[in-house]
Amino acid sequence: MSSLVLLALLCSAAAPASATPVTLRFRGTADLAPFGASTTSRVVGDVTWDPAMPCNGNGDDYSVCRFDPEAYDGDPVPVGHLSIDGVDYSARIAPYSRLEVFPYDLFLEFWFTPPHGPGALNVGRVYLWMWSSRSEAAGTPVFYGGWLPADLAFLSRLERRALVLSGPWNETDPYLPSVSATTLFVPEPGVAALLVAGMVAAVRRRGARRR
């Protein structure tokens, strides 16, 4: 798995700043026995955003995009998907879920509507948090002006990441079980294709120079 993670980071670091929309994919393995699933459950998800989409900003500090078209008068909003052990839970992602960008981190939070039917997993929230302790200590922001990233180049600068699943929060029992999962990030197909095209062009130039 470590080699795949490295590949994902190298691909994203080489990506040009023109990919739109941008898709970040993640997946991991977690012990979801507290929620009635397997001890080695597979969690797979993604989030897609347009860097130009309107978000609730807060000056140069951070930006918040919610998954609710009504919040932005029908303008584009982030789109997310999530499946657990091959079962798609995307339809349960609540519109108040959000994608947040701070100077040193990116935070994706999926809230889920209550499950329906027997056997449905009672997962209430999934969040993916990526941050840079080194960048924050050095005072060199990863994201500027609270804007959503225009490509996946930021991945190589966020050396810490967490994927957590928890139960539905409520005021009477807000501390339900939560579990962490390993995470793997895969660049969007367009980025990978551009990287391959760039590598092919580089090989051709080297061949031409040799001749």
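**View 1. An open sheet of seven strands runs in the order E3-E4-E7-E8-E9-E10-E11, with antiparallel pairing.** Strand E3 (56-57) and E11 sit at the edges, each pairing on one side only. Strands here (E, at least two residues) are DSSP runs numbered from the N terminus, and two of them pair if DSSP finds at least two bridges between them. This is a predicted model, in which local features need pLDDT of at least 70 and side-chain atom pairs count only at pLDDT 80 or more, while totals for chains, interfaces and linings use all residues. Residues are numbered from 1 along each chain as its sequence is written, and side-chain values use heavy atoms, leaving out hydrogens and water.

**View 2. Here E10 meets E11 through four bridges in the antiparallel sense.** Take Ser 166, found in strand E10: its bridge partner in E11 is Ser 178. Ser 166 counts as buried because its relative accessibility is 8%, and buried means under 20% relative accessible area (1.4 Å probe, protein chains only). Leaving aside residues up to four places away in sequence, Ser 166 touches Phe 35, Val 123, Gly 124, Arg 125, Pro 177 and Ser 178; contact means heavy atoms within 4.5 Å.

**View 3. The largest nonpolar core has 41 residues, and Leu 24, Trp 49, Phe 110, Met 130, Phe 154 and Leu 165 touch the most other members.** Strands that each supply at least two of its residues include strand E1 (22-30), strand E8 (105-111) and strand E10 (160-166). E1 gives the most, with four residues. Such a core is a set of buried Ala, Val, Leu, Ile, Met, Phe, Trp, Tyr and Cys residues joined through side-chain atoms within 4.5 Å.

Methods: Buried < 20%, exposed > 50% of the residue type's maximum accessible area, 1.4 Å probe, protein only.
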